[in-house]
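Student: I have a structure open and would like to go through it piece by piece. Can you help me read it?

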Amino acid sequence: MPAVTVQNPLTLPRVTAAGDAVQRPVLAVTTAPQGYEGEGFPVRRAFAGINYTYLDPFIMMDQMGEVEYAPGEPKGTPWHPHRGFETVTYLIDGTFVHQDSSGGGGTIRNGDTQWMTAGSGLLHIEAPPEDLVMSGGLFHGLQLWVNLPAANKMMDPRYQDIRGGQVQLLTSPDGGALLRVIAGELDGHQGPGITHTPITMVHATLRPGAQITLPWREDFNGLAYVLAGRGAVGAERRPVHMGQTAVFGEGGALTVRADDTQDTVGTGDLEIVLLGGRPIREPMAHYGPFVMNTREELQQAFEDFQKGRLGTVPAVHGM
């Protein structure tokens, strides 16, 4: 980790917050519980226990792995439905194949992102390719769910395949951090992901002892999830470590610092995902793979799924 990197960060555009920007305070730090998803791959539930008021427009996020599979062990998910939101699958290490009931999908690998707008609904499957199942190997990634406003919940499904080489790379003034802007914008630098709900998604790598103070849109919320390593968040330097999420309050800048000494496992850097989005502030009815605005819409989604209106599983799905 990570797949997308650069030999000399000082060749990249540099970003920092204005000196008079109001620092976002840290409201809470939570620790993700661990569990299993799909056919049994390990996940950390990054947003468990956080009030939705602070998450909106994000619904949930799972850290998948990091796990080194032996031959025959790689796992995926069975066919399952989605309606009313977007899934963002960011694969840091490994390979995953996606397919839906209408024939859409694709393959993502080291550093790639697949952005699936479920909209009005579809059936979906995610699985490692056969050669990876046979050989085993490293698997690590994130899956983020982003809500859609009521006006877009029944839009036609679509995919965006974002290759690792397409992400916007930035750095801090001293070159101690590498910032990958996957979606949205940071200090005027635009990432490749196109979103219906305005958000920013950044994967940052900080060398030991490095610090970043980034401008952050005041109309967005602010979240930071630690993929690996140890550090501190906010001007108050609240300690965080792998598997923890920091919730920021209001302001125009946020600060992250890597500890001087990092864990020996992994790269030896602090790996952290920064998320911000404009809250939708609409009623949400969420159960399993359906995210709607009312219980009636949720019941309709279940009925449509049961009656095959979200599509049918292909006889041969080519995984």
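Student: Which residue in E8 is the bridge partner of glutamine 99?
Tutor: Glycine 105 is the bridge partner of glutamine 99 in E8. Keep in mind that this is a predicted model.

Student: How many bridges join E7 to strand E8?
Tutor: There are 5 bridges, and E7 and E8 run antiparallel. E8 covers residues 105-109, while E7 covers residues 95-100.

Student: What sits in the hairpin between E7 and E8?
Tutor: The hairpin has 4 residues between the strands, and glycine 103 there takes a positive phi near 95 degrees.

Student: Which way do E7 and strand E10 pair, and over how many bridges?
Tutor: E7 and E10 pair in the antiparallel sense over 4 bridges, with E10 spanning residues 122-127. Within E10, alanine 127 is the bridge partner of valine 97.

Student: How many residues of E7 are buried?
Tutor: For E7, 6 of its 6 residues are buried. Thr95, Val97 and Gln99 point one way from the strand, and Phe96, His98 and Asp100 point the other way.

Student: What about E9, how many of its residues are buried?
Tutor: In E9, 5 of the 5 residues are buried, so the strand is largely enclosed by the rest of the structure. Thr113, Trp115 and Thr117 are on one side of E9, with Gln114 and Met116 on the other, and both faces are covered.

Student: Which strands pair with E9?
Tutor: Strand E6, residues 85-93, pairs with E9 in the antiparallel sense over 5 bridges. E12 pairs with E9 in the antiparallel sense, over 5 bridges.

Student: Switching topic. How many salt bridges does the structure hold?
Tutor: The structure holds 10 salt bridges. One of them is between aspartate 62 and arginine 45, with the closest N and O atoms 2.4 Å apart.

Student: Where do aspartate 62 and arginine 45 lie?
Tutor: Aspartate 62 lies in strand E4 (residues 58-69) and arginine 45 in strand E3 (residues 41-45), so the pair ties together parts that are 17 residues apart in sequence.

Student: Is aspartate 62 buried or exposed?
Tutor: Aspartate 62 counts as buried, because its relative accessibility is 5% and the cut-off for buried is under 20%. Arginine 45 counts as partly exposed, at 27% relative accessibility.

Student: What does arginine 163 form a salt bridge with?
Tutor: Arginine 163 forms a salt bridge with aspartate 112, and the closest N and O atoms are 2.8 Å apart. The pair links distant parts of the chain, 51 residues apart. Arginine 163 is in the loop between strand E12 and strand E13, and aspartate 112 is in the loop between E8 and strand E9.

Student: How covered are those two, buried or exposed?
Tutor: Arginine 163 counts as partly exposed at 33% relative accessibility. Aspartate 112 is buried, with a relative accessible area of 6%.

Student: And what is the salt bridge partner of arginine 257?
Tutor: The partner of arginine 257 is aspartate 260, with the closest N and O atoms 3.0 Å apart. Arginine 257 is buried, with a relative accessible area of 18%, whereas aspartate 260 counts as exposed at 56% relative accessibility.

Student: Which residues do salt bridges that share partners join into one network?
Tutor: Arg83, Glu303, Asp304, Lys307 and Arg309 are joined into one network that way.

Student: Now the backbone. Which residues does a cis peptide bond join?
Tutor: Aspartate 56 and proline 57 are joined by a cis peptide bond, with omega about 20 degrees. Proline 57 is in the loop between helix H1 and E4. A cis peptide bond also joins glycine 65 and glutamate 66, with omega about 15 degrees, and glutamate 66 is found in strand E4.

Student: Why point those out?
Tutor: Because most peptide bonds are trans, and most residues other than glycine have a negative phi.

Student: Where is aspartate 187, and what is its phi?
Tutor: Aspartate 187 is in the loop between strand E15 and strand E16, and its phi is near 55 degrees, a positive value. Aspartate 187 counts as partly exposed, at 38% relative accessibility.

Student: What about arginine 237?
Tutor: Arginine 237 has a positive phi near 55 degrees. Arginine 237 lies in the loop between strand E20 and strand E21 and is partly exposed, with a relative accessible area of 47%.

Methods
Residues are numbered from 1 along each chain as its sequence is written. This is a predicted model: local features need pLDDT of at least 70, side-chain atom pairs count only at pLDDT 80 or more; totals for chains, interfaces and linings use all residues. Side-chain values use heavy atoms; hydrogens and water are left out. Buried means under 20% relative accessible area, exposed over 50%, partly exposed in between (1.4 Å probe, protein chains only). Helices (H or I, at least four residues) and strands (E, at least two) are DSSP runs, numbered from the N terminus. Two strands pair if DSSP finds at least two bridges between them. A salt bridge is a side-chain nitrogen of Lys or Arg within 4 Å of a carboxyl oxygen of Asp or Glu.
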